[in-house]
Amino acid sequence: MGLVVTNTLTRKKEDFVPRDEGKVSMYVCGPTVYGDIHVGNARAMVVFDVIRRYLLWRGFDVTFVRNYTDVDDKIIARAAEEGLSSEEVAFKYSAAFDEVVASLGIAAPDHPVRATEHIPDMVEMIQSLIERGFAYEAGGSVWFAVDKFKDYGKLSGRTLADMRAGERVEPDPNKRQPLDFAVWKAAKPGEPAWDSPWGPGRPGWHIECSAMSMRYLGTGFDIHGGGSDLVFPHHENEIAQAEAATGEKPFVRYWLHNGMVNMGNEKMSKSLGNLVLAKDLVAEVGPQVMRIMAIAGSYRSGVDFGEASLEQATRVSERLDSFRRDAPAGGKLSEEGRQFLNRFTEAMDDDFNTPVALGTMQEIIRRGNTLMGTSGPDDPQLPGLVEALDEITGVLVGPVAHAQAEGGSDSPTAKIEELVEQRDRARKEKDFGRADAIRDQLKQLGVVVEDTPQGTRVVSS
RNA sequence: GGCGGCGUGGCCGAGUGGUUAGGCAACGGUCUGCAAAACCGUCUACCCCAGUUCAAUUCUGGGCGCCGCCUCCA
């Protein structure tokens, strides 16, 4: 059995057959860098990080590209608000993005690409669109003529007639059709601008992803990912531009879209103002819990980041940490380990079924705990099992798990060590009243002690 | 209004035409000085109504409800 993915283009699960055997080319829409990203943005990044790690683990040679939209109306607006240049705003928030994403153990792309560094590619594409009759210049801007591209609507499953029925926006007077969209925007005074055959201006949002993805991955690359809210118009427009400009299709073989993060029963979004910043949640619950929450449901579904989900993800994370702390290091994969790994692979091959994959991970932990309970951490069956766990966590939680396992029980302060020793002494002397009092005292310091056959364990909470 | 998705046990969340998801919570037990952790056991569901079928939670149709997109958005 091979890998199967749900392609938004067909709305079906399809066998994954990459363009070039053994290689996967993949592009994911990154942030518009005008502010701190929220949990929903971060979830998308986690989802595609897991997909990428899985493909790598499965032996594909993956080329991963992600963009920064660093020129845009919102950046310009933000710059005015903060009294900075739009370059400064873009720099500030792309650095902030990098920091959050790194803290979540999300691997850097092979090609982190910035719109402002690829203007010539975009200009070239726009010229091609005009030459081929798919775009027209009006008032210093260039518009894509949607009615010239007969496949327009194929990704989002709508027709031009459908869309006209639902029009809600005041069309720009320069457009021939209300649904035409800008591929090049004429600069207004004071805005960042680049020279072009149509005068000074900047690229439209959609063109950047078309141009940069093909620049690095060519046409007909394998996976294009992003949130489901990008299906229309963003990805629809990307297809139109790319296929119209090159005359080749498909632009992308498999379109993958992740579901939205909900708070309560509403989508978390900037416009609704109900957002939780990714950096705040990471600071509160730690990266591992956040990653687990992000993949606790299938990537295509929406996922709730409310209290209950948080608690459950926390438990999963704690079980993992606690097992890793007590279990021996991984060794040669055992037969039993291989069986778990097969189940993990089967789950992930089925459209990246992370909830089931996570279930497999927890079953390994249970099995490992049972072994340890029976014959202790030296049980010869453990290393081969732990090896399977390591491989799974390598894909699902990335380097975060190891970092936490090592750093988690970090240097207890002298005072805490002292108290723990006092408590151990009290317990030996059967002075349990005193031992319990010290335990309470430690708890107040944020330290939980657990008595195990191997001795007292200190867990910082 | 148009397009798309979803509705599973107290909760989160997979999945299947007849056979165990997994987790959280709860309860009982083992262990423990007591706890905690861990392990064992119990808890058995599939929105409603028709239809197809030997058999539907799973397929088809209708209904109800929820969500996303149609405007910037992961």
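## A tour along RNA strand B and beyond

Start by selecting Asn41: one of its polar side-chain atoms lies 2.8 Å from a phosphate oxygen of RNA strand B. Keep in mind as you go that this is a predicted model.

**Along the RNA**

Next, pick Gln312, where a polar side-chain atom sits 2.7 Å from a base nitrogen of RNA strand B. Then move to Asn353, which places a polar side-chain atom 3.1 Å from a sugar or linking oxygen of RNA strand B. Now colour the elements that give two or more residues to the surface near the RNA; among them are α1 (39–57), β10 (221–227), α10 (307–326) and α12 (354–375). Which element gives the most to this surface? Select α12, and you have it, with eight residues.

To see the whole surface, show the 55 residues around RNA strand B; Lys74, Trp205, Gly227, Leu230 and Lys267 come nearest. Colour the surface by residue type and you will find 13 nonpolar, 24 polar and 18 charged residues.

**Two crossing helices**

Now select helix α4 (residues 119–131) together with helix α7 (residues 231–246): they pack at an angle of about 70°, and their axes are 8 Å apart. The two helices are therefore roughly perpendicular to each other, and their crossing is left-handed.

Stay with α7 and zoom in on Pro233, which is found in this helix. A cis peptide bond joins Phe232 to Pro233, with omega about 0°. For another cis bond, go to Lys249 and Pro250, where omega is near 5°; Pro250 is in the loop between α7 and β11 (252–258).

**A three-stranded sheet**

Your next stop is an open sheet of three strands, in the order β13-β12-β14, with mixed pairing. β13 (266–267) and β14 (303–304) stand at the edges with a single partner strand each, so one side of each has no neighbour in the sheet. Select β12 (residues 261–263) with β14 to see a parallel pairing over two bridges. Within that pairing, Val261 has Val303 in β14 as its bridge partner.

Notes
Residues numbered from 1 in each chain as written. Chains lettered and ligands numbered in written order. Predicted model: local features only at pLDDT ≥ 70, side-chain atom pairs only at ≥ 80, totals over all residues. Heavy atoms only, no water. Pairing = 2+ DSSP bridges. Helix = DSSP H or I, 4+ residues; strand = E, 2+ residues; numbered from the N terminus. Near = heavy atom within 4 Å. Polar contact = N/O pair within 3.5 Å; in protein donor to acceptor, adjacent residues only side chain to side chain. Nonpolar A, V, L, I, M, F, W, Y, C, P; charged D, E, K, R; others polar. Axes fitted to C-alpha atoms, helices over the stretch in contact; angles between N-to-C directions. Parallel < 35°, antiparallel > 145°, perpendicular 65-115°, else oblique. Left-handed = near helix turned anticlockwise from the far one by under 90°.
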